[in-house]
Structures are given as structure tokens and as C-alpha cells.
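Student: I am new to this structure and would like to learn how to read its strands and its open spaces. Where do we begin?

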Amino acid sequence: MTVSKTPRTKKNQASKSSQKSAAKAPVWKRIVHFTLTFVSVIVAAALVITGYAGNVSPLQSGGLWGVLPLGFPLVLLAAVLILILDLCFYWRSAIVLILGIIGSCGPILTYFPVNIVTPTAPEGSEKLTVLTYNVLNLNPQSGDTVTPNPMLQFVLANNADVVCLQEAEPLTPNKRLGITGAQVDSLHARYPYIIYGGKGTQAILSKYPAKVVHLDVNENTFASGDLQAVRITMPSGRLVSVFNVHLFSFALTTTDRELYRNLTDLKHENMREVKDQLWDKLTAASVGRAREVQQLMRWLRQYGGPDVIVCGDFNDVSGCYAIRTLGDAGFRDTYPEVGFGPMVTYNANRFWFCIDHLLYRGHIKPLKLDKGSLKTSDHYPLTATFAITK
């Protein structure tokens, strides 16, 4: 009895053929393939880590986890560039990056939302526009006095229903800041309810009746930042709580900013100096913000109520620990819900990040979010339009 050999399938032939071609590949090509694979693995891992680092508490695990989300946009850009190289020179290594990108879809859509259709207000709802703006003490970045004050002119032209200012000065005539009596009169006529709060650097202006929510904001509860809250009565009688926040700042000096500029210019720097001046401050600030957001959460549970808007200068990016903590309490970030593409809200010293946010909870639906283009402050103004539903 004879045993016949099983004929080779086309698949086996193709497999052996690919193995032979791989074995015969030049050394330089194998080095390129290995390098691309290695870099793809590193970048894919970095993408996932920086994308989800905001889920880790800096208070429990160290300030490093509060800094990592800042690097997510750069890692994402690197992932796209490496993916292009992979597809051009070694498609197998692209699989790793594609898996990393798929695993990071949530953070990617937070930084780069793709909302095409503009939401519409439900029938019978009330609209509420909220402007949040860090006005840099109403002192233009250039240091030159501009009359009338351009930031207050923007507030008047914007005509939002509620205005939340951070780093605000008293709204009184001030020649040094270019604040005119006519501006002050217009603001008081437009906004009958002007409330200062926190440590004195926050202000909320409202067209609708607003009552102060008394918070014990001091150096112990908010070491570096500031916070105030009011409860607004809409024309329908619906109550909406508004929390105006300014979380722990990086507190970078002029020397620190110059060091950062040199790094972004790829100039050689002493890494010990970078650690002492930049890294230590960034990690300390992330811990400070985490501590402040825990205090904010306590006040939200106590005074927030069902319908709440939290807005202001968070000094941190989308997906950070503060926003993820608020998300766990039912808050949603407005821009990922209605925006399209990346957004930058800080315009100075090459810190091109989105660090100003508007979040909401309750019978509230975001309709749109507009960023102003005025660069007089180091922050851009943001205006959100909400529908207060039944």
C-alpha cells in the first residue's frame, strides 16, 4: 500500500515564499522594520497611558499622573506620523499603532470631536448663554493702556446672559486699565446682578436674579485657585447653579517660561534645571488641582442641586483628573459634545492647550460653544449656549 503525499496548498506556498523573502531581506531593511515596530509599540503604549492618565489620582499616585495628559496631543501627533511611515515602509508594524489608536478613541474624540450636526433646542426649553473668561486682571498682555478696556468691550458686545470672570478686578472706572465710566454704567445696566466672590478675584455678572452660594474659600480649601458660586433664577422659575472656578495655577515665572520656550526651540538645556524649574512645578500644580477639585466636589454635593454649570479656568486639559472626577459625578464637558476639531484656549508662551472648560449636569443641553479671538488676555473667551429643558 502506498501513501500519497498531500499536495501543497497555495497558502503553504505563499507562507514559505514570504519566509524565504524575509530571510533574504537586506540587513538595513530588517533594521528599519525592527525600528519601526519598536517605535510603534512605544508610541501606542504612550498614547493609551497619556490618554487615560486622568483616571489616576495625583493625590494617591503622584503628580506625574496629573502631568501626563498634557502630552496626549503631542503623542497623538507622533502616532499619526509614525503610522504614515509604517504604511509606507512596513505595514505589519502599523497594526500595533492602529490598535493603540482604537484603544484611545475616547480621549481622541475628547480632544478632536467631530460633531457635524448642530443640536437644536427642545420645544419649550429656555436658552441660557454663559461666557467664561480669564481677563488677566483686566490688564492687557502688552501692558499698554487701551481705552476703553477691550476685554470689557468684548463682554458688552458678547451680551451673554451670565458672565463668569476669573482674575477679575473691581468693575469701577480705572484710568490705568482703561476702564471708563461709560463701560461701568453699561455693564450695570446690562447686568443688574454683579457678584464678586472667592478670594476676591472672581466675578459673576447675570441678567437674571442671582443669589450667592456662600462657600468658605480660603488658603486651606483653595490653596492657589479661586471659586465662587451663585444660584440663578431663570424667567420660568427654574434654578440653575453656576460655579465659577479657577483651579491651581502652574505659577510659572518669567524665567520658567523662557526655559520652556528654549525647550520648544530645541535649544540645549540643563536637564537638572528643567526638573527643578518646570517638572517639579508641573507635578506640584497637578496635586494642588486634584486637592481643589475634591473640595469642589464636596461643595457641589452640598449646594449644587440638580441643574448645575461648572465653568472657568481649569489650568488643565480635557481628560485631566479634574474633568474626569466631575464626569464621575454626572457632569459632561461641553466642547466634546458640540465642537469640531481641536481647540486652544490659552494663547501665551506657546502653551497651546485647551485649559478653559464649561461642564453641565441636569436638565441642560448644550447647543454650541464659541471661542472668541481677542488676545488681550492670555486666555480666549468661551461662550456656551445651553437649552434648559423641562
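Student: Which residue of β12 stands opposite L131?
Tutor: In a regular strand, side chains alternate between the two faces of the sheet. In this predicted model, L131 faces T383 of β12. Strand β12 covers residues 382–388, and seven bridges join it to β1 in an antiparallel arrangement.

Student: How many bridges join β1 to β2, and do the two run parallel or antiparallel?
Tutor: Five bridges join them, and they run parallel. Strand β2 spans residues 162–166, and its V162 stands opposite V130. Between β1 and β2 the chain passes through helix α8, residues 150–158, in a right-handed β-α-β crossover.

Student: What is the volume of the largest pocket, and which residues are the closest to its centre?
Tutor: Rolling a probe the size of a water molecule over the atoms shows where empty space is left. Here the largest pocket has a volume of about 820 Å³. It is lined by 30 residues, and the closest to its centre are L70, G71, P73, L74 and F353.

Student: Which elements give two or more residues to that lining?
Tutor: They are α5 (72–89), α7 (105–111) and α11 (271–304). Helix α5 gives the most, with five residues.

Student: What is the lining of the largest pocket like by class?
Tutor: It has 25 nonpolar residues, four polar and one charged.

Technical notes:
Residues are numbered from 1 along each chain as its sequence is written. This is a predicted model: local features need pLDDT of at least 70, side-chain atom pairs count only at pLDDT 80 or more; totals for chains, interfaces and linings use all residues. Side-chain values use heavy atoms; hydrogens and water are left out. Two strands pair if DSSP finds at least two bridges between them. Helices (H or I, at least four residues) and strands (E, at least two) are DSSP runs, numbered from the N terminus. A crossover is right-handed if, with the strands pointing away from the viewer, the path from the first strand over the helix to the second runs clockwise. On a 1 Å grid over the protein atoms alone, a cavity is a set of points where a 1.4 Å probe fits but cannot get out, and a pocket is an open set with protein on both sides within 12 Å along at least five of seven lines; lining residues have an atom within 4 Å of a point. Grid points are joined across faces, edges and corners, and a volume is the space filled by probe spheres set on the points. Ala, Val, Leu, Ile, Met, Phe, Trp, Tyr, Cys and Pro count as nonpolar, Asp, Glu, Lys and Arg as charged, and the others, Gly among them, as polar.
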